[in-house]
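Please keep the sequence and the structure in view while working through the numbered points.

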Amino acid sequence: MQAIVLVGGEGTRLRPLTNKVPKPALTLVDRPFFAYMIEWLAGHGVTEVVLACGFLPDVLREALAGEEERAGVRIRYAVEPEPLGTAGAIRFAADALGDDLDELFLALNGDVLTDLDLTALLRAHGEWGAAATIGLHPVGDSSAFGLVSSNEGGEVLEFLEKTGERRPGEVNAGMYALTRPVLELIPPGESVSIERDIFPRLVGAGLHGLLLEGYWMDIGTPERYLQASWDILEGRVETRVEPSGPGVLVDPGAEVDAAATLGPRAVVGPRCRVGAGAVLVGSVLLDGASVGENARVVDSILAPGAAVPAGAEVAGVVAGEGERLPV
């Protein structure tokens, strides 16, 4: 089974963490974020992952070095010369595969941490004989999403654009089972949205949706990045991460003084330093970040090499690479 994954965005909402690192390569707890998706896909029978990328592709390749062997999948890269939208990127990656593309394949947004059941999605797609099947996910507040309406047989009836209303509903989870004929609806080399331009044309012509229960989180903001970290460490999403303690992970290569206080909730990455009397609460320190003696860091993310000096207090901060706080 092949999966085309869209990872071409610049992750602007996570800046400055993503100034020099594409979002899929950003460390989440103890590994590149995209490593979680690779493991998840492999667990549902995917043997080849094709990354439709454009922003800093060489950095992404370096970050994912070794993931093929760890997960037992092949990784290919299709580098877009310019942003092509969600459907345009799928067509670009499919064309790059050429005759190697399977008749049935998966297409997914690459910015979600999830453990939804892709096997169930593929099974339902086959049973329905669908042209395309969308994975749907229930949310309590759909104000930031477009809603998808389907009947009891799974046929999609309509798409409702973002209404701004806080109401429950089923939203597009950004994971699709597609057949090759769908690609014929996407003009090559053009910027096209699969959500706005392609799926509405398939309503009544073989488009289905399957409700999938489980964990689903777009990590595209600092708040969601932190929440995803705690969800991983506290077991709300199925991963291979092994916490150091409840809600806490400390890399073996970090130096944490015995008189420092970590948590509730903390991640201390490799080569990080936390001084005596320092307090780290609800915060993540990435590679080589440091917190001085008697400093206090709350609900913050420190990029690689960022530093909080002795005695300082920071809260709700996202520090860029090498930044010195407070500023």
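1. The model under discussion is a predicted one.

2. Overall form. The protein contains seven helices and 26 strands. Its radius of gyration is 21 Å, close to the 20 Å that the globule rule gives for 327 residues, so the protein is as compact as a globular protein of that length. The C-alpha trace spans about 65 × 40 × 30 Å along the principal axes.

3. Of the 327 residues, 51% count as buried. Among contacts with a separation of 6 or more, 57% are made by residues 24 or more positions apart. The accessible surface of the protein comes to about 14000 Å², and carbon and sulfur atoms account for 48% of that area.

4. Salt bridges in general. Side chains of opposite charge can pair when their charged atoms come close. How many such salt bridges does a search of the whole structure find? The search finds 13. Three of them are described in the points that follow.

5. Glu48 and Arg76. These two residues form a salt bridge in which the closest N and O atoms are 2.7 Å apart. Glu48 belongs to strand β4 (residues 48–53) and Arg76 to strand β5 (residues 74–79), so the pair ties together parts that are 28 residues apart in sequence. Are the two partners buried or exposed? Glu48 has 8% relative accessibility and therefore counts as buried. Arg76 is also buried, because its relative accessible area of 18% is under the 20% limit.

6. Arg236 and Asp231. The side chains of these residues meet in a salt bridge, with an N to O distance of 2.6 Å. Arg236 is partly exposed, at a relative accessible area of 41%, whereas Asp231 is buried, at 4%.

7. Arg265 and Glu234. A further salt bridge joins Arg265 to Glu234, and its closest N and O atoms are 2.8 Å apart. Arg265 is in the loop between β16 (261–262) and β17 (266–268), and Glu234 is in the loop between α7 (222–233) and β14 (248–250), so this pair ties together parts that are 31 residues apart in sequence. Arg265 counts as partly exposed at 27% relative accessibility, and Glu234 is partly exposed with a relative accessible area of 33%.

8. Cis peptide bonds. Gly263 and Pro264 are joined by a cis peptide bond with an omega of about 10 degrees. Pro264 is found in the loop between β16 and β17. A cis peptide bond also joins Leu325 and Pro326, where omega is about -10 degrees. Pro326 lies in the segment after β26 (318–319).

9. Positive phi angles. Although Val29 is not a glycine, it has a positive phi of about 65 degrees. Val29 is placed in the loop between β2 (27–28) and β3 (31–32), and at 6% relative accessibility Val29 counts as buried. Arg265 is not a glycine either, and its phi is positive, at about 70 degrees. The loop that holds Arg265, between β16 and β17, is also where Pro264 is found.

10. Ser193. Where in the structure is Ser193 placed? Ser193 is in the loop between β11 (169–179) and α6 (194–202). Its relative accessible area is 6%, and Ser193 is buried. When residues up to four places away in sequence are not counted, Ser193 touches Thr86, Ala87 and Ile198.

Methods. Residues are numbered from 1 along each chain as its sequence is written. This is a predicted model: local features need pLDDT of at least 70, side-chain atom pairs count only at pLDDT 80 or more; totals for chains, interfaces and linings use all residues. Side-chain values use heavy atoms; hydrogens and water are left out. Helices (H or I, at least four residues) and strands (E, at least two) are DSSP runs, numbered from the N terminus. The radius of gyration is taken over C-alpha atoms; the globule rule is 2.2 Å times the number of residues to the power 0.38. Buried means under 20% relative accessible area, exposed over 50%, partly exposed in between (1.4 Å probe, protein chains only). Contact means heavy atoms within 4.5 Å. Accessible areas come from the Shrake-Rupley method with a 1.4 Å probe; for residues, only the protein chains shown count as cover. A salt bridge is a side-chain nitrogen of Lys or Arg within 4 Å of a carboxyl oxygen of Asp or Glu.
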